[in-house]
Amino acid sequence: MCGIIGILGNAPAAPRLVEALKRLEYRGYDSAGVATLENGQIKRRRAAGKLANLERVLAEEPLAGITGIGHTRWATHGAPTTGNAHPHATDKVAIVHNGIIENFRALREELAKGGHKFASETDSEVIAHLITDYLDKGQSPEQAAISAVRRLDGAFGIAVLFAGHEDVLIGARKGSPLAVGIGDGEMFLGSDAIAVSPFTTRVMFLDEGDIAVLSRTSVKVLDASGKQAERKVHIFAGGAAAVEKGNHRHFMQKEIYEQPETTGRTITRYVNAFEERIEMPDFGGVDLNAESAVIIGCGTAHYAGRVAEYWLEQIAGLSVETDIASEFRYRKPAFGKNAFSVFVSQSGETADTLAALRYCKENGLKTLAVVNVPESTIWREADARLPTLAGPEIGVASTKAFTAQLSALAALTIAVGRARGAIDAKEESRLVRTLMETPRLIADALNAEPEIEKIALELSKARDVLYLGRGVHYPIALEGALKLKEISYIHAEGYAAGELKHGPIALIDEHTPVVVVAPHDALFEKTLSNMQEVNARGGKLVVITDARGAAEVADIAQHIILTPACDPFIAPLVYSIPIQLLAYFTAVHKGTDVDQPRNLAKSVTVE
Ligand code: G6P
């Protein structure tokens, strides 16, 4: 994940770009760069490493332009070198990009055939060449940017500068955030409100799929369908921009919507996209080719571990046991030879998880922490760590931390599969490509919001709700029920779909909604039988499925939440989105305190 800034100003842009980039360094600091227009020509300065290096370059070779873009990079495709630093440019266009362009290889090949010469190993550079290609065909800057953005697959936020056009800056977002800062005769683009806060207090957040065409005195926003749209202007006085909800009503909603970005950031941390393989950090002596592993966590983190249990067994052939930290530490668990242990925690401070980690260390197990907060206690005490890069999670009910945990655990699964010889290079590259599709599919899954909001109104009237799932979606059903309980205070239970007939079926009547997590995968037909059992007893089915599944449940489901078709490997990530939105809107309809539900705490540091 990277930080981007754009300025259409009335003063030299470079110092202001650097000032904004300082506020964006939290998004990455592998390299940085700026570009401005001088006499209509694009001039760039870039440097590997921290922003201070770019400042030194600029001190030696200043830039005078008043129109410019800047970037602080968190490397995904290509090493953090000066050559790979943004902005990427042709003689006509310079761009800065945050996110992943999934189809960059195909576009690069196509453009190279047309004579375009590439200077970096990044996915981002294709954007500059693609826009240039459309300009060469006679399109205006606006048309060329729109044509190019339409051809990009993946999740991205971009800012585009055009040679010879001093009063145009174009921004586009799909999956990655982008804000417009409105000044007096000046205009700004930034990854967040903090980036533009030194220059203005008036900020407009772009919606998914928006393209913003800026001049110094105007903002034209085109929505995903190409229609002109209005976006609300927020006023941030003082430091209010530091922790803001943007267009969202609650932090939880904002965090749900950040997931294309946060999963992308976490996945690319572990992926070499050019070689299509997983690259893990130093494992501190953890032997991935062990006979078994234990995965420990609490609450949502525990459910992420349960998903990983299915993955590690099915894909990597590793015998895995998962447990709740508070149970694990007191049950005197026995360990297989050479076992390693994995601790999943957003905060890195949960007392039970920490105690379980210490227990494993005392018993000679190597410990691996999947943690969101750097330098937290679990982070520091583990032998090795896999950071989840969700950023600060403010809503007490965990959402983006969960999918970031799944992202890191999915990468770990591939690494373990390779270490154990369970998957070959071809399968690894297939799995890596699949994993890279996650941010886009999550962005697609978010489109079901209007339908989910309607269904949630009915759910909000229920006293009990059942969640069913099979295989890897059983933990997603458990997480769905937990989310609903936490924030709407409605009693909910997650069950393995096949277990329904062994008890919970007694609860089914016309007042008990049954939410079924059921992608059309190898187990769909089995789950369909369970849905028939519910239907036969008058239960109301809310089925979360893809188009193929929807066709098969059309006559029995009361409601269908359509989710994009995806590879079964990443389905738990994609199906997390509807269950989060369903809980969120149910709580909103009930009027509960979504971000700070009663009795709960974000980080539980007591037993
Ligand atoms: C608390 C939070 C949950 C979280 C759990 C584990 O109960 O309310 O949202 O899943 O702790 O927290 P951790 O920080 O270890 O992931």
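**Exercise 1. Is alanine 229 buried or exposed, and in which strand does it lie?**

Solution. Start with the strand: alanine 229 lies in strand 14, residues 228-229. Strands here are DSSP runs of E with at least two residues, helices are runs of H or I with at least four, and both are numbered from the N terminus. Next, take the relative accessible area, which is 16% for alanine 229, so this residue is buried. The cut-offs are under 20% for buried, over 50% for exposed and in between for partly exposed, with a 1.4 Å probe and protein chains only. Finally, look along the chain: aspartate 207 is 22 residues apart from alanine 229, and their C-alpha atoms are separated by 9.9 Å.

A word on the model before you go on: it is predicted, with local features needing pLDDT of at least 70 and side-chain atom pairs counting only at pLDDT 80 or more, while totals for chains, interfaces and linings use all residues. Residues are numbered from 1 along each chain as its sequence is written, and side-chain values use heavy atoms, with hydrogens and water left out.

**Exercise 2. Find how far leucine 21 is from alanine 195, in sequence and in space.**

Solution. First locate leucine 21 in helix 1, residues 13-24. Its relative accessible area is 0%, so leucine 21 is buried. Then compare the two positions: leucine 21 and alanine 195 are 174 residues apart in sequence, and 6.9 Å apart from C-alpha to C-alpha.

For another pair, turn to alanine 547 in helix 19, residues 547-553. Alanine 547 counts as exposed because its relative accessibility is 54%. Tyrosine 359 is 188 residues apart from alanine 547 along the chain, and their C-alpha atoms are separated by 47 Å.

**Exercise 3. Where do asparagine 39, asparagine 338 and proline 87 lie?**

Solution. Keep the background in mind: most residues other than glycine have a negative phi, and most peptide bonds are trans. Now take the residues in turn.

- Asparagine 39 has a positive phi of about 50°. It sits in the loop between strand 2 (31-38) and strand 3 (41-48), and counts as exposed at 82% relative accessibility.
- Asparagine 338 has a positive phi near 70°. Its place is the loop between helix 10 (325-328) and strand 20 (340-345), and at 41% relative accessibility it counts as partly exposed.
- Proline 87 lies in the loop between strand 4 (67-73) and strand 5 (88-89).

**Exercise 4. How many residues surround the ligand, and which are closest?**

Solution. Count a residue as near if one of its heavy atoms lies within 4 Å of the molecule. That gives 14 residues, and the closest are Ser345, Gln346, Ser347, Thr350 and Ala601. Sorting the shell by type gives five nonpolar, seven polar and two charged residues. Here Ala, Val, Leu, Ile, Met, Phe, Trp, Tyr, Cys and Pro count as nonpolar, Asp, Glu, Lys and Arg as charged, and the others, Gly among them, as polar. Helix 9 (residues 299-316) supplies the largest share, three residues.

Now list distances to ligand oxygen atoms. A polar side-chain atom of threonine 350 lies 2.5 Å from one, and a polar side-chain atom of serine 345 lies 2.6 Å from one. From threonine 300, a polar backbone atom is 3.1 Å from a ligand oxygen.

Notes. A polar contact is a pair of N or O atoms within 3.5 Å; within protein, one must be able to donate a hydrogen and the other to accept it, and residues adjacent in sequence count only if both atoms are side-chain atoms.
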